Amino acid sequence: MDVSADEAVRGLTRPGMGTENAGPVLRAVSRMTRPRTVVEVGAGSSTLHLLLGLRDAQEEAAADRRLIGGAVSDDERASVLHPRSALDDYAPRLLVVDDISVAGTSAHQVSDAARALGLDSLLTFVERDFFDLTEQELDAWGPLDLVWLDAGTQADDAGFLAALWPRLAPGGTVVLHEPYLATTAETRDGRTACRVVPTPLVQDLRRQVAVPQGEFDVLTLSEPHKHRQTGLLLLRKHAAWERDRGVPFTEELQALGETPSVGVPRLGAAPRQPILAALADATRRTVHSALVLNPDTAEGLAARLGTAPAQVTEALTVLQRAGLVSYEDQRWSAVDEVWQP
Amino acid sequence: MSERPLVLDPVVPRFCAQTGASLPLAWELAWTPHPDEPVVRLAPPPEPRVLDRGVWPRALPPDTVLAPARTARLSRTPVPFLGEGGPVAVLSCARLAVFTELPVPVGELLGGGASVAELRAAWGGADAAVDHLLVGLVRLGLLTGAPAAPNDAPRALVREAWVTDAGDDVLAHTPTGNFLRVGTAALALWQLAGTGPGVASDDVPDRLRDVADRLLSAGMLRAVA
């Protein structure tokens, strides 16, 4: 790390805040994913890490442009670059929401440090309480590519996600601090003890993603030597091109020209309940129930149920993959055999 | 025995500041291995433990053998949880949510059961003071073996062991993590119970009997023969 940047980061880092590892991760994620619009709620040393990551990404993008444009030569580097993305202009920005009137904020120090490092052109302070921002103000930021949240309670995090996730661009990432907490809990032997547990938010997000066509990835990173101010939660929104193709693993290996000498590695327990997973959605249950009563076309189902055709089509895709419905003679029908023991 | 003042935050236990966990639960999180199994559900901190208001002996016959209770666990930690210094022995019980830190030699003796005379020698200090601690460990359910107090002996209230005035009118009983905010009269009674032979039970005014019971139940006072 640059000497002056290192000093600036050290000057802002408070050990009790617990982002000594999160900061470098954010810097690396910024450099790696080249986000165009980054939002951080709550200024701190992590702001400098994000700015340094964006600066790294800018420098690298500029070098790649020279390479693709033919100004310099590096065959190995050129072999991995996507030409069009390398030529796109990369002008990232970091929006930091911080109500600087609150006692204890380090926003002024952050601003000064950014200026001293020549990074203030990348930085915009939104000097407001996040929950006072209007829908229009949030919309004005445009699609978000990277969000860093480290500013409140579980309820606050839920509020931040509710407001920002719809504005996250496909492929974008939200990073949250503290996916684990030490708290009192009932143990299996019936007593109350203090344990480090996943937060309620992490638990629910894991449930949301454990369905067919889950729309985002969940990853938690722990810092096992700490009991609080620990760990990171990464949520990455899938883009349309990432959706499950629904083709078995070995078949796709063959399509790639690989010899499918091994089956897909099973990392967890065998999926025992794909049917329940397929039915873990109200629309899909409604569509399935309608077909149990009467086979129909997709358009007919949409009309009967008063549901948008696109939703019906999406539901039918998932139900078909689970073996619950089939398509024959231009009509959809429920499959009875799947219920036989 | 150390008389080093103990500094405690009476509102938020040290180490588990955001959990509201009591000192014993915080100690357990810090120093005991946890099985790799999920918890059933998040739960509020348990209610403060209520201790018995029975009468205990002031002193113990030197040949009385004391040993850890069946559910108690003896362990050792490299640093104390409640102060500064080197290794300490810990006598704890997860089910009762109680823990006490003892000198290492005392812990080693207790492991196999030991007589009061042996424990007095290992602990050091006045016999009466050691007996007071040992009876306290029995009252907490951590040791067994102490005889009962004679039924017909006059009774008094004395300060329980391991209780400190944490300031701001709060008394702290560290083995259970009971913190009790007290009024002027309760504080005065507790302070008086720490002088000489304590406060004779018959001398406690009627208007303070409820206060005395509260202090007994919270572990701030002990009734002795």
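Chain B contains an open sheet of four strands, arranged in the order E2-E14-E9-E13, and the pairing in this sheet is mixed. The model is predicted. This briefing covers the sheet, the helix on the sheet, and a pair of helices in chain B.

**The sheet**

- The edges of the sheet are strand E2 (55–56) and strand E13 (199–200) of chain B, and each of these pairs on one side only.
- Strands of a sheet pair through backbone hydrogen bonds, in either a parallel or an antiparallel way.
- Strand E9 (residues 156–159) and strand E14 (residues 221–224) of chain B run antiparallel and are joined by four bridges.
- B:Leu157 has B:Ala223 in E14(B) as its bridge partner.

**The helix on the sheet**

- Helix H4 (residues 127–139) of chain B packs on the sheet, where this helix touches E2, E9 and E14 of chain B.
- The direction of H4 makes about 100° with that of E14(B).

**The helix pair**

- Helix H2 (residues 104–111) and helix H3 (residues 116–123) of chain B pack with their axes 8 Å apart, at an angle of about 160°.
- Because angles over 145 degrees count as roughly antiparallel, H2(B) is roughly antiparallel to H3(B).
- The crossing in which H2(B) passes H3(B) is right-handed.
- On the H2(B) side, the contact is made by B:Pro105, B:Val106, B:Leu109 and B:Leu110.
- These residues meet B:Glu118, B:Leu119, B:Ala122 and B:Trp123 in H3(B).
- The residues in the contact of H2(B) with H3(B) comprise seven nonpolar, no polar and one charged.

Terms used
Residues numbered from 1 in each chain as written. Chains lettered and ligands numbered in written order. Predicted model: local features only at pLDDT ≥ 70, side-chain atom pairs only at ≥ 80, totals over all residues. Heavy atoms only, no water. Pairing = 2+ DSSP bridges. Helix = DSSP H or I, 4+ residues; strand = E, 2+ residues; numbered from the N terminus. Contact = heavy atoms within 4.5 Å. Axes fitted to C-alpha atoms, helices over the stretch in contact; angles between N-to-C directions. Parallel < 35°, antiparallel > 145°, perpendicular 65-115°, else oblique. Left-handed = near helix turned anticlockwise from the far one by under 90°. Nonpolar A, V, L, I, M, F, W, Y, C, P; charged D, E, K, R; others polar.
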